[in-house]
Amino acid sequence: DGIHFDMSLAFGGVRNSALVRQYVKTNTDLLRPLAFMLIEWSKRQCINDNRNGYFSSYTLILMLLYYLLRLQVIEHISIANPLDSIPDPLAQPLETSNVVDPVKIGNLFHGWFVFYSDVFDYGAEVVTIRTAARVTKAYKKWEAFTLAVEDPYETHLNTARRIDKVQFDAIRRTIRLGLDRLRENGEQFVLDIIGRPRST
């Protein structure tokens with residue numbers, strides 16, 4: 001068992017983490033539970049496995065942020081803004097306001113599945129948090145990718161580049177099945193994620 005963590009020796013990874021942390025810091029009560037549920041769900045469904053051609057947790061976080069930005073639930077943070085890329089190692093955990101709205105969280109969690117099942121155009125669109133404007137695959141010449149998720153700093157990099165058609169189809173089916181389950185019994189779906197230990 002032990003502790004699982006990612007290590008990066010490149011500044012790009014540190015900078016990306018700082019940007020995500022800034023989003024979480026300014027939207028803690030919203031993003032922390034949504035990110036936790038989404039990543040836990042993806043791991044239980046065996047589609048959070050970057051080494052084998054599926055999602056990475058980072059790609060899922062970018063997809064979550066893009067979805068919330070498109071809904072204008074959170075504000076866009078310019079990558080030109082200075083970030084605390086070397087946080088204090090003694091820093092305390094992010095504070096919450098203790099006013100988490102479970103109905104809002106549930107609706108947004110359900111909405112993520114709707115968005116990536118029925119709204120997002122995989123054939124034409126790029127997931128990006130670098131800009132508030134829409135970005136297309138044609139603009140970036142990324143038509144060959146099944147899923148396009150732009151790294152906000154290394155803009156030549158598609159974080160979902162390892163996902164081929166077989167894995168992509170499996171991911172789409174899994175998201176659709178998740179949406180179906182949420183529509184059937186959303187409360188039980190969430191309880192299965194947060195209340196039952198994940199098999200190893």
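How many helices and how many strands are there in the protein? There are six helices and zero strands, and from the N terminus on the elements run α-α-α-α-α-α. Helices here are DSSP runs of H or I with at least four residues, strands are runs of E with at least two, and both are numbered from the N terminus. A word on ground rules: this is a predicted model, where local features need pLDDT of at least 70, side-chain atom pairs count only at pLDDT 80 or more, and totals for chains, interfaces and linings use all residues. Residues are numbered from 1 along each chain as its sequence is written, and side-chain values use heavy atoms, with hydrogens and water left out.

Let's start with the overall picture. If you take contacts (heavy atoms within 4.5 Å) between residues at least 6 apart in sequence, 67% join residues at least 24 apart.

Now for the inside. In soluble globular proteins, nonpolar side chains tend to be buried together. Here the largest nonpolar core has 52 residues, and W112, Y116 and L147 touch the most other members. Such a core is a set of buried Ala, Val, Leu, Ile, Met, Phe, Trp, Tyr and Cys residues joined through side-chain atoms within 4.5 Å. Helix 1 (11-26), helix 2 (28-44), helix 3 (57-70), helix 4 (102-119) and helix 6 (165-195) each supply at least two of its residues, and helix 3 gives the most, with ten. Zoom in on Y116: leaving aside neighbours within four places in sequence, Y116 is in contact with M63, Y66, Y67, Y122, V127, R172 and I175.

Rings of Phe, Tyr and Trp (its six-membered ring) pair if their centres lie within 6.5 Å; planes under 30 degrees apart are stacked, over 60 edge-to-face, and the rest tilted. A search of the whole structure finds 16 aromatic pairs. One of them joins W41 and W112 edge-to-face, at 6.1 Å centre to centre and 70° between the planes. W41 lies in helix 2 and W112 in helix 4, so this pair ties together parts that are 71 residues apart in sequence. Both W41 and W112 are buried. Y66 and F120 also pair edge-to-face, with 6.1 Å between centres and 85° between planes. Y66 comes from helix 3 and F120 from the loop between helix 4 and helix 5 (137-140), 54 residues apart; Y66 and F120 are buried too. Finally, W41, Y66, Y67, F109, W112, F113, F115, Y116, F120, Y122, F168 and F189 form one aromatic cluster.

What does V190 touch, not counting residues up to four places away in sequence? V190, found in helix 6, touches M37 and F109. V190 and F109 are 81 residues apart in sequence and 9.4 Å apart in space, C-alpha to C-alpha.

The structure holds one cavity of 30 Å³ or more, and about 30 Å³ of space lies in the largest cavity. On a 1 Å grid over the protein atoms alone, a cavity is a set of points where a 1.4 Å probe fits but cannot get out, and lining residues have an atom within 4 Å of a point. Grid points are joined across faces, edges and corners, and the volume is the space filled by probe spheres set on them. The lining consists of L34, L38, L64, Y67, L108, F109 and W112. Helix 2, helix 3 and helix 4 each give two or more residues to this lining, with helix 4 giving the most, three.

Terms used. Buried means under 20% relative accessible area, exposed over 50%, partly exposed in between (1.4 Å probe, protein chains only). On a 1 Å grid over the protein atoms alone, a cavity is a set of points where a 1.4 Å probe fits but cannot get out, and a pocket is an open set with protein on both sides within 12 Å along at least five of seven lines; lining residues have an atom within 4 Å of a point.
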